[in-house]
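Subject: Structure for your review

Dear colleague,

Please find below the structure that I am handing over to you. My notes on it follow directly after.

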Amino acid sequence: MTLTPDRTAAVPLPADLLPRDGRFGSGPAKVRVEAVRALAEHAVDLLGTSHRQPPVKNLVGRVIEGLTAFFTPPDGYRPAIGNGGSSLFWDLAVCSLIDRRSSHGVFGEFSAKFAAAARRAPHLDEPLVGEAPFGRVALPPVDPSADAYAWAHNETSTGAIAPVTRPTGIGDALTLVDGTSAAGGVVVDLAGVDAYYFAPQKSLGSEGGLWIAWLSPAAVERTERIAAAGRWIPDVLSLKLALDNTAKNQTLNTPAIATLFLLAEQLDWFNANGGQAFAAGRSAESARRLYAWADAHPLATPFVAAEHRSPVVGTIDFDESVDAKWLAAALRANGIVDTEPYRSLGRNQLRIGMYPTVDPDDVSALTRCIDHLLGGR
Ligand SMILES: *Cc1c(COP(=O)(O)O)cnc(C)c1O
């Protein structure tokens, strides 16, 4: 018997089962209601004003202070902020951080995209790639010809999490780690990475459009050397220009002020409540509940093996007797949105964003809603 009902998706769920907030997207993801209210109440004087004048520059300064308090970077690490999101950072790294050859760990759609960007660059040698089937983790192969090692901290497309430590035997090569969905929801020690880059629309509870990177002294030195060597680098892909602007609390071109404001609110919320331990603790608690439910359920199985399971993005496979597409649609019809799996993964799956903004009690409520839709089976 297949639960692929021609019954419509509109199975009403009892109100007392519903989560208080139905946003479970993996990116964009839930933005806290309190932050949106603060935007409406306190940002009216900022929105629509010049990013070259003190009020918006002070907001950028507030973001940088919040990032510094939250990530506690080692001495000498510098932040850089620019427009274009994490996708832009891949091309920026291709222009501004990789000398001749990169080595990539590819284990999902996002880590694959960075490897593809490096492969297309006419000024770089063919990248090295270590690949794992989706749902597992691959670290970049170590090779003397590589001067940059790249992988994702959390593969948002699959829900697999990788370690952030410098691989042994890489000499003075740089490590470039995509922290886009992890940053904020998973504790990270920046000492293990030369460029930790991310965007604000996932664990950081804001909107898209920006990229942010923490850069080690070695990464700053590399980018300055490459810029000085005369390689052609478009301005928006110049890490040196981004660093220079960020040092003045500015961005190269106009930023979205609302994105910066919501990010500052989220960082203040994190920092006021205990920083990384608090934020990651919330995601870890949500994940504990989701995976415990799936492990115990006769029709559900976590897609990722226990040692690589992400605390921020949970992927749950369903038995073939359940149509997960119908399940996601039925949840959506009840205001529980964005539980669909990553588009190209092609699995009978739900993907649940469990970023720190998501209340662990809402994750529990979600599992009860799924149980209800599955008819208590
Ligand atoms: C979402 C995501 C990206 C892309 O971020 P954009 O800001 O949309 O470019 C890159 N890498 C990972 C791991 C992501 O989760």
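Which helix gives the largest share of the shell around the ligand? That share, four residues, is contributed by helix α3, which runs over residues 85-96. Please bear in mind throughout that this is a predicted model.

The ligand site

There are 13 residues around the ligand, and those that come nearest are Ser87, Thr156, Asp178, Gln201 and Lys202. By residue class, the shell consists of eight polar, three nonpolar and two charged residues.

- Ser87 places a polar side-chain atom 2.6 Å from an oxygen atom of the ligand.
- For Gln201, the distance from a polar side-chain atom to an oxygen atom of the ligand is 2.9 Å.
- In Thr180, a polar side-chain atom lies 3.5 Å from a nitrogen atom of the ligand.

On its own, the ligand has 390 Å² of accessible area, and the protein covers 87% of this. The largest pocket is the space that the ligand takes up.

The overall fold

The secondary structure of the protein amounts to twelve strands and ten helices. Computed along the principal axes, the C-alpha trace spans about 65 × 50 × 35 Å. The radius of gyration of the protein is 21 Å, which agrees with the value near 21 Å that a compact globule of 377 residues would have.

Two points of backbone geometry

Most peptide bonds are trans, and most residues other than glycine have a negative phi. Two places in the model depart from these patterns, and I would ask you to look at both.

The peptide bond that joins Gly27 and Pro28 is cis, with an omega of about -5°. Pro28 belongs to the segment before α1, the helix of residues 33-42.

Thr72, a residue other than glycine, has a positive phi, near 35°. Thr72 is located in the loop that lies between α2 (54-71) and β1 (78-83).

With kind regards

How values were computed:
Residues are numbered from 1 along each chain as its sequence is written. This is a predicted model: local features need pLDDT of at least 70, side-chain atom pairs count only at pLDDT 80 or more; totals for chains, interfaces and linings use all residues. Side-chain values use heavy atoms; hydrogens and water are left out. A residue is near a molecule or strand if one of its heavy atoms lies within 4 Å of it. A polar contact is a pair of N or O atoms within 3.5 Å; within protein, one must be able to donate a hydrogen and the other to accept it, and residues adjacent in sequence count only if both atoms are side-chain atoms. Accessible areas come from the Shrake-Rupley method with a 1.4 Å probe; for residues, only the protein chains shown count as cover. On a 1 Å grid over the protein atoms alone, a cavity is a set of points where a 1.4 Å probe fits but cannot get out, and a pocket is an open set with protein on both sides within 12 Å along at least five of seven lines; lining residues have an atom within 4 Å of a point. A molecule sits in a cavity or pocket if more than half of its atoms lie within 2 Å of its grid points. Helices (H or I, at least four residues) and strands (E, at least two) are DSSP runs, numbered from the N terminus. Ala, Val, Leu, Ile, Met, Phe, Trp, Tyr, Cys and Pro count as nonpolar, Asp, Glu, Lys and Arg as charged, and the others, Gly among them, as polar. The radius of gyration is taken over C-alpha atoms; the globule rule is 2.2 Å times the number of residues to the power 0.38.
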